Amino acid sequence: MPLARSFSVTSLSGLDEWDDEFDLDDAVLFEIAWEVANKVGGIYTVIQTKARLTCEEWGENYFLVGPYMESNVRTQVELIEPTNAALRRTIDKMNSSGCKVYFGRWLIEGSPYVVLLDVGFTAWSLDRWKSELWENCSIGVPWFDREANDAVLFGFLTAWLLGEVSQCEDPPHILAHFHEWLAGLGLVLCRQRQLPVATIFTTHATLLGRYLCAGNVDFYNNLAEFNVDKEAGDRQIYHRYCLERAAARCAHVFTTVSQITAIEAEHLLKRKPDIVTPNGLNVKKFSAMHEFQNLHAQSKARIQEFIRGHFYGHLDFNLDKTVFLFIAGRYEFSNKGADIFLEALARLNYLLRVNHSDVTVIAFFIMPARTNNFNVETLKGQAVRKQLWDTAQTVKERFGKKLYESLLVGQLPEVSKMLDKEDFTMMKRAIFATQRQCLPPICSHNMLEDSTDPILTCIRRIGLFNSSQDRVKVVFHPEFLSSTSPLLPMDYEEFVRGCHLGVFPSYYEPWGYTPAECTVMGIPSVSTNLSGFGCFMEEHIADPSAYGIYILDRRYRSVDESCNQLTSFLFQFCQQSRRQRIIQRNRTERLSDLLDWRYLGRYYVSARHMALAKAFPDAYVYEPHDPTSTTGFRYPRPASVPPSPAHSLHSSPHHSEAEDEDERYDEELEAEKDRVNIRQPYSVPHKNKSLYKKQRKEFLPGWWFEG
């Protein structure tokens, strides 16, 4: 089935700009999600990074609603008294009726107000509310599904909150935006109780889609064929699926995060999304201006130190000619594409060996799994590295002292006498300490399910054991990165900056924050045409690979063909010179503005206006977007010689250093050409315009205001 373009806003220049005539002074926005001040997955990042822009638009009339988690509240939320009179009365009334509702500010950029509902404290109402859900909506929730039970409690509390606010004296126009199925029941109850609330439902990934893809089915080519009720029942998620589908069908406006998910939702949830709202980032957080290349070098040096320890005794490769690849995210072996990445690495290893390449590839797998501690051999490697460093420093100090004393008396030193027996003994002992009988470990931790672990099982099959003959080495780090780790003391952001290429060949990826984060940090990445990010970039960039965005075809090719294409991408990337990689990183980093919420926030603005106009037609008028006028824009192909050898017609993609130096490349000139193709970020209506203008000038470079 072809990917038909639905009525959605997926082009940056396709939306008409809203002006201040759409008055929001008499409206209030509640944004409801299980991940408000509660980090579980990617929705947390969406809400957290978007908060500042939404606060600028809605001011004091913007409230986030989430679950009360004491451990998170202690570190992320400042509890205060409600400033809104209607909300204060509502919270007091709910608390006096046997609930626990908290109000505060979420300590993130924008400092939005949050209303936190303690679902555990209201668990005594669970049976009654589940009975009501069955009687009114014919949805039964089994007692053993704790997550669904939490969704029921959260949904009824949310509907209670919105109902009380809507019944106050002179109520405002209420707009409620619900994210994902865990929050969706609140929307269903609002419509079932006929509350005067405009509703939006956003699905970031369909429940059934995630389960089906994990089951190794040909998902995208059979979307129209699935018996959704049977498939959900077979996987024992029918009640969850019903909650999600009901929310999608009941909402005034239904949105998804990408075009690929919109098609999925149309078939699985039986409703075509009204608009696509791509996920953005707060690019200012990652912005390093001209420093991002220096940050890459600094972080790369720290990764190299880890490699020196991890591969001690087998460090027979040149670290200056070593390329660092990585994949990171939830441990979904097939959905995240770890299977195809490993197979491509085995083929890449063969190509590098038969071509006698002097490039070494080290591939990191950063995916959390069940472990009981660090691997002893891995810790020993870092200890040996530190011991060698200390030995070298000691010998250097002794050598320096003798050199200094020799120069003081006016004599040139005799090199043969500068190092004595003790120095040689110390160095020999250090060298003997680096000898090891075993190969460098694949996994940095002790796995609890070593024999059945998918990554380790695949590595045993393809034979990548970090031997000296292998040009591709593998390091599996089954834990999220932390700067306090004794093994690899780096935060995720630092680690990404130090790598050369992020590889995310996902089969199921509704959006894809990992390649987006790579992009804003100037790191090239591989994604697929089955990920929202990949489709979005493919639409807006004429030649994605020239900008360091490699799009793998996983829809119209077999697994083996996709694997060969990925191998080709990786092999070509390994043939680039250092100068070519620098040029490509510059181009990648220039795409940052494309992923900024100051662009992508306009889609949420459109969805909100559409919902208000549908729910309150007497107060708001929404002019539908004409899909035929969507012309879009595309970053042009760079004018200079592409840094990627993917477009080279030579028999070998490798260029000599002399050829590289002769290439005429002006970074500032190229950057200016690209900027001509970028529209000015959308200026949302906001409550504090003077503050917004000041912040905007601080955020944006001067060229936004020229002409």
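These legends go with several close-up views of a predicted model. Residues are numbered from 1 along each chain as its sequence is written. In this predicted model, local features need pLDDT of at least 70 and side-chain atom pairs count only at pLDDT 80 or more, while totals for chains, interfaces and linings use all residues; side-chain values use heavy atoms, with hydrogens and water left out.

**View 1. A salt bridge between Asp358 and Lys321.** The whole structure holds 37 salt bridges, each one a side-chain nitrogen of Lys or Arg within 4 Å of a carboxyl oxygen of Asp or Glu. Here the side chains of Asp358 and Lys321 come together at 2.8 Å, N to O. Asp358 sits in the loop between helix H13 (338-354) and strand S11 (360-366), and Lys321 in the loop between helix H12 (292-310) and strand S10 (322-328), so the pair ties together parts that are 37 residues apart in sequence. Helices (H or I, at least four residues) and strands (E, at least two) are DSSP runs, numbered from the N terminus. Asp358 is partly exposed at 45% relative accessible area, and Lys321 is partly exposed at 39%. In these legends, buried means under 20% relative accessible area, exposed over 50%, and partly exposed in between (1.4 Å probe, protein chains only).

**View 2. A salt bridge between Glu509 and Lys336.** These two side chains meet at 3.0 Å, N to O. Glu509 belongs to the loop between strand S15 (501-503) and helix H19 (513-520) and Lys336 to the loop between S10 and H13, so the pair ties together parts that are 173 residues apart in sequence. Glu509 is buried, with a relative accessible area of 13%, and Lys336 is buried too, with 8%.

**View 3. Arg460 paired with Asp450.** Look for the salt bridge at 2.3 Å, N to O, between the side chains of Arg460 and Asp450. Arg460 is in helix H17 (residues 454-462) and Asp450 is in the loop between strand S13 (445-447) and H17, 10 residues apart. Arg460 is partly exposed, with a relative accessible area of 41%, and Asp450 is partly exposed, with 36%.

**View 4. The surroundings of Tyr331.** You will find Tyr331 in the loop between S10 and H13. Tyr331 and Ala369 are 38 residues apart in sequence and 6.8 Å apart in space, C-alpha to C-alpha. Not counting residues up to four places away in sequence, Tyr331 touches Met367, Pro368, Ala369, Asp453, Pro454, Ile455 and Phe476; contact means heavy atoms within 4.5 Å.

**View 5. Ser525 and its contacts.** Ser525 is part of strand S16 (residues 525-528) and is buried, with a relative accessible area of 0%. Leaving aside neighbours within four places in sequence, the contacts of Ser525 include Leu501, Phe504, Cys518, Phe533 and Tyr550.

**View 6. Positive phi at Glu180 and Asn466.** Most residues other than glycine have a negative phi. Glu180, which is not a glycine, has a positive phi near 70°. Glu180 lies in helix H6 (residues 180-192) and is buried, with a relative accessible area of 13%. Asn466 is not a glycine either, and its phi is positive at about 65°. Asn466 lies in the loop between H17 and strand S14 (472-477) and is buried, with a relative accessible area of 1%.
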